[in-house]
Amino acid sequence: PAVSPPAAGRFGARACVIGWPVDHARSPLIHGYWLDRTGLDGTYERVAVAPNEIHAFLERFPESGYAGGNVTVPHKEAALAACDEVEPVARAIGAVNTLWVDGGKLYGTNTDALGFLANLDETAPGWDKEPGPALVLGAGGAARAVVWALIQRGFRPKIANRNVARAEDLVRTFGGGSEAYPWEARQALLWDARILVNTTSLGMKGIGDIGLDLRGARGDALITDIVYVPLVTDLLDLATSWGLRTVDGLGMLLHQAVPGFERWFGLRPSVDAGLRARIVADIEG
Ligand code: ATR
């Protein structure tokens, strides 16, 4: 079903992020920055909703006065189930991260895949000129968005995951020439990958090591991480030291927020240096 276009310039619109816990969510900083910059008369709030209350909360959401909101852990699947209409990308990913209300109905989508692509288009223009094999590490929620996005641009994702059954599940869902592999295969899969995307939590400070020798990568391979704390993960640090192109995970976070803001407040915001600096300060602070 077609999803309605954004309502333009909703004066005084209210939006929120729904999670449990929700104190650490960074989306209030992002949308707060854009509200300041645009001078729009809108608000963006944190709303903590316990798992046993999410169903009733979302049922009442169209009457709550909110124009929409973001959904974060652990409610993205519940949001998918609660929507009256869901965009196909969110159904494929199995999670809704962006809601909006229109005519008393609740609509949902997932903006992670478009955020991933918009970030690469902006920071590594031409990255998809010659699509081919891609190596995706991990098969969780973030990997689903990445695999969908890569297939859109003609890449064939090879998904390496510790729990190979999860990778096989992605291949069944997305097809598109994707293939599932055990975690141990990652080094052997690296040699012809045009792009490497780490979607595992390895790389976050103190979690562990991806265990890849990047000398096995093509010289023109693009190395990307979904992790953005720290901004420069060990993987990106290593890639840079071998002279490989890198893209960090922060840009995806910023770009995935754009469609929601545009829908609720009626203006398309830009991901500028000031926004990046504000979030970097928060990460490092
Ligand atoms: P997200 O929604 O952020 O993707 P997730 O669904 O918890 O989070 O997925 C985390 C990913 O990191 C999974 O692919 C997980 O592998 P499993 O599916 O085998 O659990 C991967 N991961 C986490 N810790 C890992 C580790 N120590 N070694 C290898 N992979 C790991």
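How far is an oxygen atom of the ligand from a polar backbone atom of Gly141? The distance is 3.2 Å. That is a polar contact, meaning a pair of N or O atoms within 3.5 Å; within protein, one must be able to donate a hydrogen and the other to accept it, and residues adjacent in sequence count only if both atoms are side-chain atoms.

Some ground rules. This is a predicted model: local features need pLDDT of at least 70, side-chain atom pairs count only at pLDDT 80 or more, and totals for chains, interfaces and linings use all residues. Numbering runs from 1 along each chain as its sequence is written, and side-chain values use heavy atoms, with hydrogens and water left out.

Confidence next. pLDDT is the predictor's confidence in each residue, from 0 to 100. The chain's mean is 94, and 96% of its residues reach 70 or more. Residues 4-8 stay under 50. There the model has ten contacts (heavy atoms within 4.5 Å) beyond four places in sequence.

An oxygen atom of the ligand sits 2.8 Å from an N or O atom in the side chain of Arg162. For the side chain of Arg166, the figure is also 2.8 Å, again from a ligand oxygen to an N or O atom. Taken alone, the ligand exposes 650 Å², and the protein buries 67% of that. Those areas come from the Shrake-Rupley method with a 1.4 Å probe; for residues, only the protein chains shown count as cover.

Now helix H11, residues 258-265. Helices (H or I, at least four residues) and strands (E, at least two) are DSSP runs, numbered from the N terminus. Why is H11 largely enclosed by the rest of the structure? Because six of its eight residues are buried. Buried means under 20% relative accessible area, exposed over 50%, partly exposed in between (1.4 Å probe, protein chains only). The buried ones are Val258, Gly260, Phe261, Arg263, Trp264 and Phe265. Their cover includes strand E1, helix H1 and helix H10. Gly266 follows H11, with a positive phi near 85°.

Two prolines. Trp20 to Pro21 is a cis peptide bond, omega near 0°. Pro21 lies in the loop between E1 and H1. Val73 and Pro74 are also joined by a cis bond, omega about 0°. Pro74 is in the loop between E3 and helix H3. Most peptide bonds are trans.

Last, cysteines. A search of the whole structure finds zero disulfides, that is, pairs of cysteine sulfur atoms within 2.5 Å. For Cys16, the nearest cysteine sulfur is that of Cys83, 13 Å away. Cys16 counts as buried, at 0% relative accessibility. Cys83 is buried at 11%.
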